[in-house]
Amino acid sequence: YAGLERLDESGDSHVDFEFNQTDVGLDKAPPCLNDGAPDPNDPDPCEITGVKTVNDLLLVMNFQNGGGLGFVQGRKWNGTEYALLEELLGEGCTGDDFICAFNNNVAIDGGPWDNFNKASNLPVTNLLANSFTEVGINVTQLFGLTPCFGTIQAKTRTSQSFNSELKDFALGNFDICSLAVDKTGPDLSKIGDTVTYTYTIENDGAVEMELVSADDDKIGDLTAEAVAAGCDPLSPGEVCTFDVDFVIPGNAEDPFINVFTVEYDPDGAGSGPNLVRDGDH
């Protein structure tokens, strides 16, 4: 669900929300007036970092002259392009209610946040007709699954074109899929000691996660131990813990550092990039 206010409702314009499963950001901190890049092929200002992944979502809204809602589209990245999934022409809802969108057709109260007038750039109380839009999309029904969206990009452009000039850009983050991983062991040990490591995995996200692998870079594959401890699957809020005994080898470095890594899939069907988390050293 999204609500957006446009400072200028006149003229045609383009707004889209891009939901990415990988981390997307900027190569320099805003305001990006001069990113200092010496490469002539890397001009100012900042550039977007990160990549699109299969099943990323693009929610497109195009507005007509006068601010009327032209169409809303749900598109999915297929590895080559954002392929169209469903389209809503004008206001209302699609027949399956997967997409709904509405404009304010009359002036409305601007709400508790600040609103501005384009001409004077001064605060105003009321929003003109067609300057506020709300849109909802049933992501799970549209995709048939719930992807692990982690980053949202909100973008506005000067006209109804993917290639028109980018006017405004904002980044946000949220973790639909998230894991917290921890590993504890003895403070001190020496070669030949049998030590016990305790591994804890918590699903602190919003969807069930299925285990792909669990590995300690010094001990080896611990997937079977994790499965036996009930770490597969993990429902939202669920925590699993298991212990592994290990003899410190004769060639162990001092300090002896081992890293625990787990890999989970959001639905066990490869819907997107698997989520990988490292535990404490």
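Which residue stands opposite Asp-215 in β18? Asp-221 does; the strands concerned are taken up in point 6.

1. Basis of the model. The model is predicted, local features are reported only at pLDDT of at least 70, side-chain atom pairs count only at pLDDT 80 or more, and totals for chains, interfaces and linings use all residues. Residues are numbered from 1 along each chain as its sequence is written, and side-chain values use heavy atoms, with hydrogens and water left out.

2. Four-stranded sheet. Strands here are DSSP runs of E with at least two residues, numbered from the N terminus, and two strands pair if DSSP finds at least two bridges between them. An open sheet holds four strands in the order β1-β12-β9-β8, and the pairing is antiparallel. β1 and β8 (92-93) are at the edges with a single partner strand each, so one side of each has no neighbour in the sheet. Within this sheet, β9 (residues 99-103) and β12 (residues 132-137) run antiparallel and are joined by five bridges. Asn-103 has Thr-133 in β12 as its bridge partner.

3. Hairpin of β6 and β7. Strand β6 (residues 69-77) pairs with strand β7 (residues 82-89) in the antiparallel sense, over seven bridges. Opposite Gly-74 stands Glu-86 in β7. The hairpin has four residues between the strands, and Gly-79 takes a positive phi near 105°.

4. Three-stranded sheet. A further open sheet has three strands in the order β15-β16-β19, with antiparallel pairing. Its edge strands are β15 (179-184) and β19 (239-247), each pairing on one side only. From one strand to the next the twist averages 15°, where axes are lines fitted to C-alpha atoms and angles run from 0 to 180 degrees between N-to-C directions. Six bridges join β15 to β16 (residues 194-203), and the two run antiparallel. Thr-184 stands opposite Thr-198 in β16.

5. Salt bridges. A salt bridge is counted when a side-chain nitrogen of Lys or Arg lies within 4 Å of a carboxyl oxygen of Asp or Glu; the count by this rule is four. One of them joins Lys-155 and Asp-16, at 3.3 Å from N to O. Lys-155 belongs to strand β13 and Asp-16 to strand β2, so the pair ties together parts that are 139 residues apart in sequence. Another joins Glu-18 and Lys-155, at 2.7 Å from N to O. Glu-18 also lies in strand β2, so its pairing with Lys-155 in β13 ties together parts that are 137 residues apart in sequence. Buried means under 20% relative accessible area, exposed over 50%, and partly exposed in between, with a 1.4 Å probe and protein chains only. Lys-155 and Asp-16 are both buried, and Glu-18 is buried as well. Lys-190 and Asp-193 also form a salt bridge, with their closest N and O atoms 3.3 Å apart. Here Lys-190 is exposed at a relative accessible area of 56%, while Asp-193 counts as partly exposed at 23%.

6. Pairings of β17. Strand β17 (residues 210-216) is joined to strand β20 (residues 260-265) by six bridges, and the two run antiparallel. Glu-210 stands opposite Asp-265 in β20. β17 also pairs with strand β18 (residues 220-221) in the antiparallel sense, over two bridges. β17 and β18 form a hairpin with three residues between them, and Asp-215 stands opposite Asp-221 there.

7. Largest pocket. A pocket is an open set of points on a 1 Å grid over the protein atoms alone, with protein on both sides within 12 Å along at least five of seven lines; lining residues have an atom within 4 Å of a point. Grid points are joined across faces, edges and corners, and a volume is the space filled by probe spheres set on the points. The largest pocket holds about 490 Å³ of space. It is lined by 22 residues, and the closest to its centre are Glu-5, Arg-6, Val-15, Thr-156 and Asp-168. β1 (2-5), β2 (13-20), β13 (151-157) and β14 (166-173) are the elements that give two or more residues to the lining. The lining residues comprise seven nonpolar, seven polar and eight charged.

8. Second largest pocket. About 370 Å³ of space lies in the second largest pocket. Among its 18 lining residues, Pro-186, Asp-187, Ser-189, Pro-255 and Phe-256 lie nearest its centre.

Notes
1 Å grid on protein atoms, 1.4 Å probe; cavity = no way out; pocket = protein on both sides within 12 Å on 5 of 7 lines; lining within 4 Å. Nonpolar A, V, L, I, M, F, W, Y, C, P; charged D, E, K, R; others polar.
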